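Below are some notes on the model you sent.

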Amino acid sequence: MSATILTTENLNKSFGAVTAAREVSVAVPDGAVWSMIGSNGAGKTTFVNMVTGYIKPDTGRILFNGTDITKMSPRQITRLGIRRSFQIPQLCAELTMLENMLVSLSINRKHKPSYKRSARRPSQVDEAMDTLKRFRIENYHDRLMSELPAGVRKLLDIAMAISGTPRVMLLDEPTSGVAAEEKFPLMDLVMEALSKSNVTVMFVEHDMDIITRYSERVLAFYDGEIIANDAPDQVLSDKIVQQYITGTTK
Amino acid sequence: MTEFIFPRSIPLACALALAVLVVVGLILPDWAMFLATMAFSKGMVALGVVCLMRSGLVSFGQGLYYCIGAYASGLMATWIGISDIFLMSLLGIIASGIVAVIFGPLLATYRGIFFAMLTLSLSMILYGTLSKMSVLGGTDGLNVSAPTFLGYHPEGRALGLSLYMFTCAVIVVYGGLVRTLFDSERGLISLAIRDNELRVEYLGTSVRTEIAVTYIVAAIAGGIGGVISGAAIGHVDPEYAYWTTSGEFVFVAILSGYFSIPAVFLGSVVLEIVRSFSNLYFPNTWQMSLGIFLLIVILLFPKGLGSLLSRSKKPEKKQ
């Protein structure tokens with residue numbers, strides 16, 4: 001059995017009267033592919049935001065590879081190897097796709113970004129193009145973000161997050177806003193690219209077919225709480241999950 | 001992506017620019033040489049504003065460093081009797097750098113109008129302080145003795161020409177360094193910060209540090225600009241820190257855009273020419289002339305004069 005790479009212990013988070021996380025405890029093995037389901041406001045994105053340092057839990061601990069990261073900033077957590085993509089892709093609108101990728105590569109080196117080394121040096125441009133090729137979006141390299149289809153923007157968002165040496169990748173609704181017929185090809189591309197990086201993946205998703213096809217284990221969130229944590233078939237056949245999340249109960 | 005018409009080799013471009021400026025200087029009449037020296041020194045300060053604009057910030061208080069540089073050199077000449085332009089410039093860099101190191105990290109936590117107003121307030125605090133300090137000349141300011149150049153004491157046209165040449169050398173060297181910075185990894189990160197700070201933080205670098213460093217780079221440019229202006233005019237006063245002076249630098253930065261460094265100095269020269277001639281022919285309405293001129297530039301070149309010096313690669317057709 002693989003060692004645990006990410007552990008959360010009794011995470012609690014409230015925003016005023018709204019409880020966004022209630023005793024959330026998970027232990028994610030290294031190399032696993034897990035998914036998270038739940039209706040809007042169930043606490044999935046809050047979980048992602050807490051793990052990546054965007055918001056701090058009121059109580060509880062988050063351990064990455066044994067290191068307590070609960071109070072670390074997003075930047076520190078990113079440098080440790082936990083990366084994320086966003087439900088709405090966070091890209092630099094005035095830069096081209098290639099330049100977005102070059103920004104990511106410039107930051108995610110072993111050494112700090114340089115005041116002298118050209119960002120557009122051939123070796124770095126080649127590396128950026130190679131990453132874009134892994135996601136099969138290299139043909140758009142010279143386009144601004146406003147010119148890109150939604151699916152391509154999603155892929156670029158993930159491609160930027162994966163540069164360097166990520167250990168855990170959190171994908172927040174990677175197929176949202178993407179046409180139904182493009183969801184599986186997009187996920188195929190993402191999972192293929194991520195598998196080459198040997199990275200632990202946790203993704204938030206609403207499409208149960210994608211959950212079943214791509215994840216080994218599912219966390220079902222309801223009202224800030226994990227109400228099921230098991231293999232996809234087990235979780236999706238759970239009566240409570242069907243009642244509160246998937247709505248498939250008869 | 002923008003490709004620049006100028007040679008990609010920065011040292012070659014700098015050498016070429018310096019050669020052209022030197023030749024032009026030799027044939028310029030005295031009044032034009034003075035105008036160019038002033039325009040270039042103010043262009044240095046505007047270049048600092050451009051550095052900040054690349055990160056999405058506008059400083060309305062760059063006069064702070066312009067004034068610090070000018071007073072540092074003026075006081076050095078008055079109190080210690082040192083008038084060597086190289087030493088004066090060094091002191092201007094040190095003085096403005098120290099102040100920027102103190103305020104940079106604090107200001108780097110603010111954005112938008114808050115950053116603009118805080119920079120403005122700092123420069124106005126200096127303006128008020130200098131105006132009330134009789135030991136520093138109060139509102140009358142200080143006279144600055146004619147600069148020397150490593151033991152060379154030029155007079156008359158030779159003085160103006162020497163200062164012009166020194167200014168050209170400074171703007172070419174600093175321009176080359178800033179071009180290197182703009183093309184570097186950090187330079188590209190600055191543009192990314194302008195677009196999306198959240199993304200940059202989540203890629204693993206500190207936005208605050210990047211902005212603080214840019215602020216210091218901008219302050220040093222302001223300090224050198226102040227030293228040269230003080231030496232060229234032979235006088236420094238608190239007006240250097242006044243908000244309208246800072247507004248001029250923002251004016252030049254908007255006029256020039258933030259893609260081309262030569263455009264910043266070109267924009268500064270254009271401003272000086274427009275102001276000089278407006279002042280001559282419309283002494284009571286020259287500010288209005290400047291405003292109309294800026295409006296025309298914004299309408300015709302929304303990305304500034306720099307867009308004339310660069311060309312954008314057309315996007316490939318969709319497949």
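1. Between chain A and chain B, 20 residue pairs are in polar contact, both residues being at pLDDT 80 or more. A polar contact is a pair of N or O atoms within 3.5 Å; within protein, one must be able to donate a hydrogen and the other to accept it, and residues adjacent in sequence count only if both atoms are side-chain atoms. On the side of chain A that touches chain B, the elements giving two or more residues are α2 (74–80), α3 (97–107) and α5 (150–162) of chain A. Of these, α3(A) provides the largest share, seven residues. Helices are DSSP runs of H or I with at least four residues, strands are runs of E with at least two, and both are numbered from the N terminus.

2. This is a predicted model, in which local features need pLDDT of at least 70 and side-chain atom pairs count only at pLDDT 80 or more, while totals for chains, interfaces and linings use all residues. Residues are numbered from 1 along each chain as its sequence is written, chains are lettered from A in the order in which they are written, and side-chain values use heavy atoms, with hydrogens and water left out.

3. The contact (heavy atoms within 4.5 Å) involves 43 residues of chain A and 32 residues of chain B. The two chains bury about 3,500 Å² between them, with 56% of it on carbon and sulfur atoms; buried area is the accessible area (1.4 Å probe) lost by two parts on being put together, summed over both. In chain A, the residues losing the most area to chain B are A:R75, A:Y115 and A:D142, together 21% of what that side buries.

4. How many salt bridges cross the interface of chain A and chain B? The rule, a side-chain nitrogen of Lys or Arg within 4 Å of a carboxyl oxygen of Asp or Glu, finds five. A:R117 pairs with B:E185 in a salt bridge, with 3.1 Å between the closest N and O atoms.

5. Over all chains there are 24 salt bridges. A:K13 and A:D58 form a salt bridge at 3.5 Å, N to O. A:K13 is in strand β1 (residues 4–15) of chain A and A:D58 in the loop between α1 (44–51) and β4 (59–64), so the pair ties together parts 45 residues apart in sequence.
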